[in-house]
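Subject: Structure handover

Hi,

Here is the structure for you to look through. Please keep it open while you read my notes below.

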Amino acid sequence: MKVKMLSRNPDHYVRETKLDLQKVPRNYDPALHPFEVPREYTRALNAVKLERVFAKPFLASLDGHRDGVNCMAKHPKSLSTVLSGACDGEVRIWNLTKRECIRTLQAHEGFVRGMCTHYCGTSFFTVGDDKTVKQWKMDGPEYGEEEEPLHTILGKTVFTGIDHHWKKDVFATCGQQVDIWDEQRTSPICSLTWGFDSISSVKFNPVETNILGSCASDRNIVLYDMRQATPLKKVILDMRTNTLCWNPMEAFVFTAANEDYNLYTFDMRSLDEPVKVHMDHVSAVLDVDYSPTGKEFVSASFDKSIRIFPVDQIHSREVYHTKRMQHVISVKWTSDNKYILCGSDEMNIRLWKANASEKLGVLTSREKAAFNYNLKLKEKFKYHPQISRIARHRHLPKTIYGQIKEQRIMKQARQRKEMNRIKHSKPGSIPFVPEKKKHIVAVVK
Amino acid sequence: MNGKVSEKSLLALSHLGKAVDSLKDFPQSASEDEEAIDGERNHQKLLEKIGYLDGKNRQRLAERSEASLQVSEFSVSNEGTGEQLDLAELLGPIKSSSSLGTVKKQLKKVKNKKTVDLPLSKEERERISREAAYNKISQDMTKWDPVVLKNRRAAQLVFPLEQDGVLENCIGEVLGSWKARTPLEKEIFNLLHQNKQPLTDPLLTPVEKESLKAMSLEEAKQRRAELQKARALQSYYEARARREKKIKSKKFHKVLKKRNDKKILKNFEELRKVDPTSALEELAKMERARIQERMSLKHQNKGKWAKSKVIMAKYDLEARKAMQEQLLKNKELTQKLKVPSDSEHDEDAEEENGLIPDIVNEVQISTDGPNPWMQRNHGITTKTPPIQKEPLSSEESELEEDEKANEEEEALLQELIERRSLRKGSEVDQGSQKQELTTKAPRRTEETEEVLAELRTLSEQINKKAKKRQDGEQSVNSSSAVSKEPSIQREEQPSLDERPERVQTMEALDTLGLDEAVQEQKVLEPVAERRRRRRQRRREEEQEQEEEQEQEQKQEQEQEHRPSKQKSPLKKKKEPMAALHTIISGKTHQANPLSAPIVVEEEDCDEDATQRQIIKEAFAGDDVIADFQKDKLEAEKASKPKEIDLSLPGWGQWGGPGLVISARKRRRFLVKAPKGSARKDQCLPNVVISEKRNIQAAAHQVNVLPFPFTHQGQFEETIKVPVGATWNTQRAFQKLTAPRIVTRPGYIIEPIKEKDVESSPSHLGPPTLQREARLHGYSHPRRKGRALKKAP
């Protein structure tokens, strides 16, 4: 006969040492834990509310410049160092952990138009309105030494931008043409021109390092190949592109910040149509920078706000603004994917969290698990109206809010007109042009 | 090579000669001091200009005015001559010298050749070079596609991308360089080596792997399930046996024993058919048991119990019966076996003849006194055929009986008796089956164990089989000697023979083969009977059709009534079938062409009626109103609040498998559904107003299917699966909530490197890429074209 008895293995409930955690037996039978969807929904609702409660992205303001901050550069090796150039020709180097300026130098007369760092972080380059390119040491001068540039190159025309190659001792400037310079020489290796116009910015591709992109004031974006010393292709948009930025994880993708309030993400291989048109700004977009993960980018606008866009979405996920922040001229996403820096007209550099409600500092594993869970819940229930409403809600300055409304009305009117036109004309005579194609004027081979 | 070059140059030369220079330079700066020459030149110029004025000779010829390093040997100037240079003129002086023969030949060749096209303009050239460069680069860029795709799809990306890849190599290196030194280490290593513990992938040893291979997971699971089932069955049987053993009722045990005997006999019958040798063995066993019985003198009136019964028998009918039974048993067991002889029938007859006196004697002996009641009863029971006879011979005898049935009156009588008893047995069987059928429904509602249900079905099957066999035997008109039960209903009329069966088959017709057992029976029925029934069925169907044309509901009622008239006990079973019946009847309606009745109607009705008839015909079968009403009824039923059972199994009682919640508890914890308000569409017969929508909840619900989902089910599926730790194990929870992007604080994330292309998996084919690209809005024109070609 079988005798059934209660028997337990001590291994299942006895701790080896008293420091061990108590084993808590748990029954995962779904019947014992009913209402999973409503419960998770409630949790998601709480999570999204808490996210809004804790969304305090502004960290610090770095003040010291005596004129608007025109350009910024990241240090390639040090996360805590950032460089900025102002409209009065002053360059400052900042320590972000201490939030203070560690070095100041008068680099140019007039604007500092552009600056970039050497890929190994030993020096940096500035270009200014005084038609010079200057190379500076990253470390300050020794005691008694004078603050002097390592090299100074005198150009024939004004340089409006500069970018350094990611692997070689080569940099590119732009002005009337794109010049590619060897660091050791005083004359450019080659000059790349295509038509006559002033080029506002030039950027090296961080992945396929021999490819450059530039944008000129006659509304075009031109791609170049440094090896063959030829331009590759030109795309002409509706309005002028102020700057562009390459995706650091996807070699063929770049985003252009345009005067028509939009940003355009292009696939380099098919320029006749952007992959995405990002629209949320209400004024010209002045600068754009990719997050180092290549999943998002931040844009600075003349409308006194910065916005964060996911690469594959039309609308921004975040907008940052403060009362005192004026037109934002330059913006950078730090290399650890955590912070955003923006330099604006009113002489300040602001430090923001890239993720507004993120908790800074070291997290315990339980905190991490909770945050991850909340993140997942928000993602899971993001289509639910209440949750999406809360997650979407942002406070905006009155001006921006009003302008958004106004532009919405304008857009609707345009759409209505187009629809009416289509409706009242011969079918097929007025083709439907998708939004992506509307802004592309031509692609020049 | 050289010759070719010279040929080319000459070609150019000739071209130059023929072509007229369109671009003319004005004379370069002349030297200041030579004024006289200057004056001459000016004069010349003036003349030329005057010459140009006529508008005919506009070509201005280049003048070489100073010696220059950049003078090309090919740019032969024809200035001053006023006419074009001709190749023939140039060749003139060459004629004399013979050393230039080769050149002459080449020139001749050149003359025959066509001239080269004009070189492209600078813009054009640049454009072409740009396009070539662009194409090449965009071609190069495609190498990033798999990487980009992988990263876009990745469930999780950890940045910086280059983790310290040292660790992977490290283990092998460290293990290679490291050696065991201490005796303990050596011992451990020895042990590891003996087990062939792999060093780099230390998860499983070869032995373990083999053992894993030996049995797949599924097999193991299956086997485990089987074992579990067997164990459960075993324990169940044990429990039952124990329970039965505890039962004190002697009657019960008696019945049980009888049943067992019967079963054994049945098994034996089967065995005899299937496996004669083992059947023989079994027979031998039975023989042995019988002999033992005979020897042990059991079941006689010697025992304590028997004696007491004998005393009781005078006053108690039960005791008397028991006594009789025992005696019967004794008789059966002690009956001496006869060797099967040639004429069975004679023996049977003899036996029958000799039966009554024998028993009477015995009874008289055993009961110690004449008891007419007992005697009579006994006599009746003993009329049943001898069971302990050897079955093999009995069957043979049966066959012989069939042959001689008409001849022997006694044999006929015997057969009749047998048949009756048999029928009785079958009736009992059927009765039990019916009982089961009827009792099954309520029983099912209770929470019974699965095992029990299985057993029941098993027993049912056995019953059915037995019945089938019986039927078979009946149909061949052979008698079987199975039933041992006393045939109490001797007085039953033989004319009633077929009745229960027929009713059942009618039933089967109505329900169209819903009852398998009945169907089986139907198959085994004699042909004539079947034919008769078919006729009847046809008649019924015709009737049905007519009725349906008139009114459906009425017909339903009819259908319900008819069987009840035929047999009342079947009514219970009939009722749930009503709905089904209507469906079936609808089907038959559709299937059968309504030819006969319609034609008749057409003949005597007017135009309007025919029209109506046509419509009726067209929409025959789809009764919209009835469907709607049915739907509405269903909707009403669905929307009604249900009772909630809050009783927790195992709460306040012992838990474990086979837990049954007591009725009292269930009653106590049952939350009755509130009455609720009346439905809005209660008074609206043609409307169903759904009352599902909850306005409070609607504010929280998604009312539009979000973009990436194509079907509601997909979306619901994503919501349904809980991710929290409340519903998932720790490991699953971690996996489910793993963030898309992980960054290490304080680390610089570099752009992706060229070498990542090589490390990326190559199995990501272009079709998937294409699809992904389309999904993300990324696409490459060249790839697009290729994909399109592939598509059809």
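Which residues gather in a patch of negative charge on the surface? They are D139(A), E142(A), E145(A), E146(A) and E148(A).

Two notes on the ground rules. This is a predicted model, where local features need pLDDT of at least 70, side-chain atom pairs count only at pLDDT 80 or more, and totals for chains, interfaces and linings use all residues. Residues are numbered from 1 along each chain as its sequence is written, chains are lettered from A and ligands numbered from 1 in the order in which they are written, and side-chain values use heavy atoms, without hydrogens and water.

**Surface patches**

Patch residues have over 30% relative accessible area and no salt bridge; like charges are joined within 9 Å, and nonpolar side chains (Val, Leu, Ile, Met, Phe, Trp, Tyr) within 5 Å. A salt bridge is a side-chain nitrogen of Lys or Arg within 4 Å of a carboxyl oxygen of Asp or Glu. Areas are Shrake-Rupley values with a 1.4 Å probe, and for residues only the protein chains shown count as cover. Asp and Glu count as negative, with the charge placed at CG of Asp or CD of Glu.

Helices (H or I, at least four residues) and strands (E, at least two) are DSSP runs, numbered from the N terminus. E145(A) counts as partly exposed because its relative accessibility is 43%; the class lies between buried (under 20%) and exposed (over 50%), with a 1.4 Å probe and protein chains only.

Chain B has a nonpolar surface patch: L46(B), L47(B), I50(B) and L53(B), with about 430 Å² of accessible area together. I50(B) belongs to helix α2 (residues 35-53) of chain B. It is partly exposed, at 48%.

**Backbone points**

Two residues in chain A have a positive phi without being glycine. A229(A) has about 55°. It lies in the loop between β16 (220-225) and β17 (230-237). K304(A) has about 70°. Its loop runs between β23 (296-301) and β24 (306-310).

In chain B, the peptide bond from F159(B) to P160(B) is cis, with omega near -5°. P160(B) lies in the loop between β1 (157-159) and α7 (166-177).

**One stretch of chain A**

Residues 278-309 of chain A are 0% helix and 56% strand. The end C-alpha atoms are 8 Å apart.

Best wishes
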